[in-house]
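Please look over the sequence and the model, then read the points below by topic.

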Amino acid sequence: MSSQTYDTSRCGRDGRQARTVDRLLAAGAEELRAVGHEALTVRGVALRAGVSSATAYTYLASRNHLFVELFWRHLAETPAVDAPGSRAERVQAAVRGLTTRIAQEPALAAAVTPALLGSDSGVERLRLRIGAEFAARFDSALGEGAEDAVREALLLAFSGALLQAGMGLMTYDEMADRLAPVVAVIVG
């Protein structure tokens, strides 16, 4: 396994490399649904994608890297919610949009929590992107003039709820309902 992994973002890849990464990620999603996150191996993903293990490891440092990459792309494909209403209602709609999207892929949701806690270099880079995406969604819902502390509290509450759902203390479907009163308190 290479200690230096390829940046799986779309920047800087030629067409063949982009197609290889897309095949690996599609195969990874299929394999995840078929065998679950505990049994999934990068070798199995490579086999499903029709590439060698060495090729797979060129683009994916580990299965945690795969899970977080899949989650990032799943999240990035989620349209931002542009809801009317009060600031609290807009943030609650943003939270519901995110949690609904996460709940649509239960195998990925189960895999991503432990993966996000990993220390792989690919995971670290994507963890920052995911956090920035959450912050951007909350900033958009909060609108102009929101205090930094409000956004920070929302991010902490949301990430804490993600962790609790990942630990099985609530379902991803329950997250939005459980966070609604928390958002109301934070936003005021």
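The model is a predicted one.

**Helix α5**

- Helix α5 covers residues 87-103, and its 17 residues should span 24 Å at 1.5 Å a residue. Its end C-alpha atoms are 24 Å apart, in agreement with that expectation.
- The buried residues of α5 are A88, V91, A94, V95, L98, T99, R101 and I102.
- Viewed down the axis of α5, these buried residues fall within an arc of 165°, so they line one face of the helix.
- The cover over the buried residues of α5 includes α4 (63-76), α6 (106-116), α7 (121-142), α8 (148-166) and α9 (172-187).
- T99 belongs to helix α5 and is buried, at 3% relative accessibility.
- Apart from neighbours within four places in sequence, T99 is in contact with F158, Y172, M175 and A176.

- The structure has nine salt bridges.
- One of them joins the side chains of R33 and E105, at 3.0 Å from N to O. R33 lies in helix α1 (residues 15-35) and E105 in the loop between α5 and α6, so this pair links distant parts of the chain, 72 residues apart.
- A salt bridge also forms between the side chains of R96 and D177, at 2.8 Å from N to O. This pair links distant parts of the chain too, with R96 in helix α5 and D177 in helix α9, 81 residues apart.
- R96 is partly exposed, with a relative accessible area of 38%.

- R73 and E69 form a salt bridge in which the closest N and O atoms are 2.7 Å apart.
- Both R73 and E69 lie in helix α4, four residues apart, or about one turn of the helix. An α-helix has 3.6 residues a turn, so residues three or four places apart point the same way.
- R73 counts as buried at 16% relative accessibility, and E69 is buried with a relative accessible area of 1%.

How values were computed. Residues numbered from 1 in each chain as written. Predicted model: local features only at pLDDT ≥ 70, side-chain atom pairs only at ≥ 80, totals over all residues. Heavy atoms only, no water. Helix = DSSP H or I, 4+ residues; strand = E, 2+ residues; numbered from the N terminus. Expected span 1.5 Å × (residues − 1). Buried < 20%, exposed > 50% of the residue type's maximum accessible area, 1.4 Å probe, protein only. Arc of directions from axis to C-beta. Contact = heavy atoms within 4.5 Å. Salt bridge = Lys/Arg side-chain N within 4 Å of Asp/Glu carboxyl O.
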